[in-house]
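I opened the notebook to look up salt bridges. The entries below follow the order in which I checked them.

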Amino acid sequence: GEMRFVMIFSRTLIDRIPPLLDAYLPPPAPRIMHPVVLRRASSGDEPLIAAMLGTLSAHTRYLRYFTTRPLDGAQALREARRMTSASQTTLLAAQARGPAEAIAVAELVPDRGQPGVAEMAVLVRDDEQGKGLGTLLGQYLLRIARAQELRQIRAVVLAENRAALGMVRRMGAPYTIVSHETELEIEIEV
């Protein structure tokens with residue numbers, strides 16, 4: 001299971017995830033009860049991502065975007081387009097069976113001002129939260145960052161976002177947290 005991913009990610013300097021990953025169903029995380037496909041998001045996934053963004057609760061929007069304001073259809077599509085731009089790596093988690101639905105996205109965005117540094121963001125659909133999917137995505141982003149020879153991943157989260165803090169802890173890499181009152185800047189060593 002996991003060794004297979006290590007081999008996939010170490011064999012290639014990734015600016016895209018190898019096609020082999022598209023067809024691979026990861027071993028279920030402890031609480032993921034259905035098969036999930038992980039792959040790099042592309043522009044063809046914009047409608048799926050926008051639809052997922054439209055389902056987010058006010059609480060989830062607040063934790064990810066620091067606002068409870070809902071995204072209308074055009075805003076959700078613009079955000080999905082940003083997520084699938086060629087300048088970053090975005091992983092998409094989708095159900096392996098049934099209708100095509102995005103259930104999570106994870107972004108790794110290079111910091112143009114600091115070579116070797118990228119910002120990470122993970123967003124899991126409300127009904128899939130608490131099952132280990134965010135941690136799984138975070139671990140894959142860490143492997144991609146290593147393959148891209150990055151030295152640090154950063155994430156800015158609200159201090160109250162316990163799920164994000166737990167995800168970072170379970171990723172298994174050394175990290176530091178810098179507190180800015182209501183926000184935390186997490187620096188993960190790659």
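Which side chain does Arg82 meet in a salt bridge? I found that Arg82 pairs with Glu107, at 2.8 Å from N to O. I took a salt bridge as a side-chain nitrogen of Lys or Arg within 4 Å of a carboxyl oxygen of Asp or Glu.

I noted that this is a predicted model, where local features need pLDDT of at least 70, side-chain atom pairs count only at pLDDT 80 or more, and totals for chains, interfaces and linings use all residues. Residues are numbered from 1 along each chain as its sequence is written, and side-chain values use heavy atoms, with hydrogens and water left out.

I then placed the pair of Arg82 and Glu107. Arg82 lies in helix α5 (residues 73-83) and Glu107 in strand β3, so the pair ties together parts 25 residues apart in sequence. Helices (H or I, at least four residues) and strands (E, at least two) are DSSP runs, numbered from the N terminus.

I looked up exposure next, with buried meaning under 20% relative accessible area, exposed over 50%, and partly exposed in between (1.4 Å probe, protein chains only). Arg82 is partly exposed at 33%, and Glu107 is buried at 2%.

I saw that Glu107 also forms a salt bridge with Arg64, the closest N and O atoms being 3.1 Å apart. Arg64 sits in helix α4 (residues 58-65) and Glu107 in strand β3 (residues 102-110), 43 residues apart. Arg64 is buried, as is Glu107.
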